Amino acid sequence: MTTLTIYHNPRCSKSRQTLQLIEAANVDVEIVEYLKTPLSAETLATILKLLAVEPRAMMRVKESEYREQNLADPSLTEQDLLAAIVATPKLLERPIVVTNNKACIGRPPENVLALL
């Protein structure tokens, strides 16, 4: 049986809805509350590759921390942006679901259905 990993924030409605879809599909799920257990730069880099997007696509660009840290600066590297997420986990878009070398961002929650 396939196991999914959800990088989850229980305070986020989209994250809760995505988790409900996974649980309704009766799939084994590992829940990682990334605000309690921040991800390493290496884990983030792996997720980024699986998502096949640029780093800002997995960042919450409307957060005040994004503006305060000047993360829209085009000269910042992938490593700079991943380091910002490590230092400020709140910047990670949520939820992110990973399985079998595939990943998606659960916005909208129905995106996860492609992984089930």
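Where is Y66 found? Y66 lies in helix 3, which spans residues 64-68. This is a predicted model.

- Y66 is buried, because its relative accessible area is 7% and buried means under 20%.
- Leaving out residues up to four places away in sequence, Y66 touches R56, M59, R60, V61, L71, A72 and L91.
- P55 sits 11 residues from Y66 along the chain. The C-alpha atoms of Y66 and P55 are separated by 13 Å.

**T5 in strand 1**

- T5 belongs to strand 1, which covers residues 3-8.
- Is T5 buried or exposed? T5 is buried, with a relative accessible area of 13%.
- The side chain of T5 makes a polar contact with the side chain of E30. That polar contact is 3.3 Å.
- Neighbours within four places in sequence set aside, T5 is in contact with E30, V32, I96, V97 and V98.

**Helix 2 against helix 4**

- Helix 2 runs over residues 41-51, and helix 4 over residues 78-87.
- At what angle do helix 2 and helix 4 pack? The angle is about 120 degrees, and the axes are 9 Å apart.
- That angle makes helix 2 oblique to helix 4, because angles of 65 to 115 degrees count as roughly perpendicular and those over 145 as roughly antiparallel.
- The crossing of the two helices is right-handed.
- Helix 2 brings A41, L44, A45 and L48 to the contact. Helix 4 meets them with E78, L82, I85 and V86.
- By type, the residues of this contact are 7 nonpolar, no polar and 1 charged.

**N100 in a loop**

- N100 is in the loop between strand 3 (96-99) and strand 4 (102-105).
- Buried or exposed: which describes N100? N100 is exposed, because its relative accessible area is 55% and exposed means over 50%.
- L115 is 15 residues from N100 in sequence. In space, N100 and L115 are 8.8 Å apart, C-alpha to C-alpha.

Conventions
Residues are numbered from 1 along each chain as its sequence is written. This is a predicted model: local features need pLDDT of at least 70, side-chain atom pairs count only at pLDDT 80 or more; totals for chains, interfaces and linings use all residues. Side-chain values use heavy atoms; hydrogens and water are left out. Helices (H or I, at least four residues) and strands (E, at least two) are DSSP runs, numbered from the N terminus. Buried means under 20% relative accessible area, exposed over 50%, partly exposed in between (1.4 Å probe, protein chains only). A polar contact is a pair of N or O atoms within 3.5 Å; within protein, one must be able to donate a hydrogen and the other to accept it, and residues adjacent in sequence count only if both atoms are side-chain atoms. Contact means heavy atoms within 4.5 Å. Axes are lines fitted to C-alpha atoms, for helices over the stretch in contact, and angles run from 0 to 180 degrees between N-to-C directions. Angles under 35 degrees count as roughly parallel, over 145 as roughly antiparallel, 65 to 115 as roughly perpendicular and the rest as oblique. A crossing is left-handed if the near helix is turned anticlockwise from the far one by less than a right angle, and right-handed if clockwise. Ala, Val, Leu, Ile, Met, Phe, Trp, Tyr, Cys and Pro count as nonpolar, Asp, Glu, Lys and Arg as charged, and the others, Gly among them, as polar.
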